Amino acid sequence: EDVVVEKFFASRGQALGYYAPVCLPIAQQGSRLATEMVGLALWLDMQGRVFVLGEAEFDRAAAAGLIS
């Protein structure tokens, strides 16, 4: 399974949380990896809480037929 996750830190090095964009499957193009984001992402804070980001934009794009 291909997974893209970024870990964010405060300026003093304290971990803030993880950002995981929801993407189409990752494809290899030569020596590069490429994907397309669908507008949704998850944020997992260091206390274990999960937040959905971009849900309204995703719903609007789906309603407009931009994504299916």
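Colleague: Which residues form one aromatic cluster here?

Modeller: F8, Y19 and W43 form it. Please bear in mind that this is a predicted model.

Colleague: How many aromatic pairs does that come to?

Modeller: The count is two aromatic pairs. In one of them, the ring centres of F8 and Y19 lie 6.4 Å apart with the planes at 90 degrees, so this pair is edge-to-face.

Colleague: Which strands hold F8 and Y19?

Modeller: F8 belongs to strand β1 (residues 6-9) and Y19 to strand β2 (residues 15-23), so the pair ties together parts that are 11 residues apart in sequence.

Colleague: And what about F8 and W43, how are those rings arranged?

Modeller: Their centres are 5.9 Å apart and their planes stand at 50 degrees, so the pair is tilted. Since F8 lies in strand β1 and W43 in strand β5, this pair ties together parts that are 35 residues apart in sequence.

Colleague: Where do F8 and W43 fall on the accessibility scale?

Modeller: F8 has 35% relative accessibility and counts as partly exposed. W43 also counts as partly exposed, at 22% relative accessibility.

Colleague: Changing topic: how many salt bridges does the structure hold?

Modeller: It holds one salt bridge. The partners are R49 and D45, whose side chains meet at 2.6 Å, N to O.

Colleague: Is D45 buried or exposed?

Modeller: D45 is buried, because its relative accessible area is 8% and the buried class covers values under 20%. R49, by contrast, is partly exposed, with a relative accessible area of 47%.

Colleague: Where is the place of D45, and what is D45 in contact with?

Modeller: D45 is found in strand β5, which covers residues 37-45. If neighbours within four places in sequence are set aside, the contacts of D45 are L16, G17 and F51. The 2.6 Å approach of the D45 and R49 side chains is also a polar contact.

Colleague: With which side chain does Q47 make a polar contact?

Modeller: The side chain of Q47 makes a polar contact with the side chain of R49, at 3.3 Å. R49 therefore has side-chain polar contacts with Q47 and with D45, and R49 itself is partly exposed at 47%.

Colleague: Where is the place of Q47, and is Q47 buried or exposed?

Modeller: Q47 sits in the loop between β5 and β6 (50-53). Q47 is exposed, because its relative accessible area is 60% and exposed residues are those over 50%.

Colleague: How many residues and how many Å apart are Q47 and F58?

Modeller: They are 11 residues apart in sequence, and their C-alpha atoms are 26 Å apart in space.

Colleague: One more topic, the surface. Which residues form a nonpolar patch there?

Modeller: The patch is formed by V22, L42, L44, V50 and V52, which together have about 370 Å² of accessible area. β5 and β6 are the elements that give two or more residues to this patch.

Colleague: What is the place of L44, and what is its relative accessible area?

Modeller: L44 is located in strand β5. L44 is partly exposed, with a relative accessible area of 32%, and that value meets the patch requirement of over 30%.

Colleague: To finish, what does strand β5 bring together in these answers?

Modeller: Strand β5 includes L44, the buried D45, and W43, whose ring pairs with that of F8 from strand β1.

Technical notes. Residues numbered from 1 in each chain as written. Predicted model: local features only at pLDDT ≥ 70, side-chain atom pairs only at ≥ 80, totals over all residues. Heavy atoms only, no water. Helix = DSSP H or I, 4+ residues; strand = E, 2+ residues; numbered from the N terminus. Polar contact = N/O pair within 3.5 Å; in protein donor to acceptor, adjacent residues only side chain to side chain. Contact = heavy atoms within 4.5 Å. Buried < 20%, exposed > 50% of the residue type's maximum accessible area, 1.4 Å probe, protein only. Salt bridge = Lys/Arg side-chain N within 4 Å of Asp/Glu carboxyl O. Patch = residues over 30% accessible without salt bridge, like charges linked within 9 Å, V, L, I, M, F, W, Y side chains within 5 Å. Areas by Shrake-Rupley, 256 points an atom, 1.4 Å probe, with all protein chains shown as cover. Phe/Tyr/Trp six-rings, centres within 6.5 Å; stacked < 30°, edge-to-face > 60°.
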